[in-house]
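Dear colleague,

I am passing on the structure we spoke about, and below it I have set out what was found in it. Please read the notes with the structure open beside them.

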Amino acid sequence: MSIWEYANPVKFIATSDKVLPWVAGLAALALAGGLIWGFFFTPEDYRQGSTVKIFYLHVPAAMMAINAWAMMLVASLIWIVRRHHVSALAAKAAAPVGVTFTLIALVTGAIWGQPMWGTWWAWDPRLTSFLILFLFYLGYMALWQAIENPDTAADLTAVLCLVGSVFAILSRYAVNFWNQGLHQGASLSMDAEENVADVFWYPALVAIVGFVLLFVALVLLRTQTEIRRRRLHTLEMRERMG
Amino acid sequence: MMPDLGKYAGTVLSAYGISLALLLGIVVLSVVQARRMRRRLDAAENRRLGAQEGKRG
């Protein structure tokens, strides 16, 4: 058995139909668990007060905004190299989910920033690269809509995805590269000394798992939709010609 | 049950409200689009099968 079997749209839909209810159920459980735990059962931070509760939304959303683009990059590369339609459609399917996570990260960041930094927005390296990543998401989705031929759209959006990856990387590492601005470095670290306290870390971890599973569930569902849209397009073309 | 959010209650609640609305929005949109596309494709497949049987019969 090879992973490339799932490049077959029929096989992909059959397998994802079986997996999807489980992934969606686990996503709902983990998201609800992480957010309820974080909101109701964690203490205030001694400096940030109750605003620390925004952490359980902001950090997972920001992580997934970048990871969604990374997934789109891998799928786009597979399309460019192996010409599997399902991979191009999976990249297309992931973009609206990724842009939603990016918007959540930007909005919660602004709401959190106002009381902590005294401003909703600053042209800080991380914030700015995140805003550019958001604009790349919008451009990526617009390009898919603007081109009628699906293969040409897949080619051009794959190139746009490669270019946008620079900003996905910058969104993650801008603080380290420029070492300036309002945004602090990573809150989560494998190093126990640098990581946030366990009382904040465990609910955040559950929320992160929830965001990851929600992303997987939505991408599976939306990829199925895109596969069906492509099939419908083919059938309608045949109807018109026949 | 509700934690005391102090002077940041508006800040925290608005962050949660907007985020949950956006998450719910993308879930609902994805499910509605999936159902609609499944229906449209089923209808098109049925038309195709009907046309094929018409040619044979």
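Two packed helices are described by the angle between their axes and the distance between the axes. Each axis is a line fitted to C-alpha atoms, over the stretch in contact in the case of helices, and the angle between N-to-C directions runs from 0 to 180 degrees. Please keep in mind throughout that this is a predicted model.

In chain A, helix α2 (residues 55-82) packs against helix α3 (residues 85-117) at an angle of about 155°, and their axes are 7 Å apart. Because angles over 145 degrees count as roughly antiparallel, α2(A) is roughly antiparallel to α3(A). The crossing in which α2(A) passes α3(A) is left-handed.

As for chain A as a whole, it has six helices and zero strands, so that from the N terminus on its elements run α-α-α-α-α-α. A compact globule of 242 residues would have a radius of gyration near 18 Å, and the 20 Å found for chain A agrees with this. The C-alpha trace of chain A spans about 70 × 35 × 30 Å along its principal axes. Of its 242 residues, 43% count as buried, and among the contacts in chain A between residues at least 6 apart in sequence, 78% join residues at least 24 apart.

Turning to chain B, an unreviewed UniProt entry annotates residues 12-32 as "transmembrane region". In the model, that span of chain B is 100% helix and 0% strand, with its end C-alpha atoms lying 30 Å apart.

Methods: Residues are numbered from 1 along each chain as its sequence is written. Chains are lettered from A and ligands numbered from 1 in the order in which they are written. This is a predicted model: local features need pLDDT of at least 70, side-chain atom pairs count only at pLDDT 80 or more; totals for chains, interfaces and linings use all residues. Helices (H or I, at least four residues) and strands (E, at least two) are DSSP runs, numbered from the N terminus. The radius of gyration is taken over C-alpha atoms; the globule rule is 2.2 Å times the number of residues to the power 0.38. A residue is buried if 20 or more other C-beta atoms lie within 10 Å of its own, exposed if 12 or fewer, and partly exposed in between; C-beta atoms are placed from the backbone. Two residues are in contact if their C-beta atoms, placed from the backbone, lie within 7 Å. UniProt positions are given in the numbering used here, feature names are shortened, and annotations may be inferred rather than shown by experiment. Angles under 35 degrees count as roughly parallel, over 145 as roughly antiparallel, 65 to 115 as roughly perpendicular and the rest as oblique. A crossing is left-handed if the near helix is turned anticlockwise from the far one by less than a right angle, and right-handed if clockwise.
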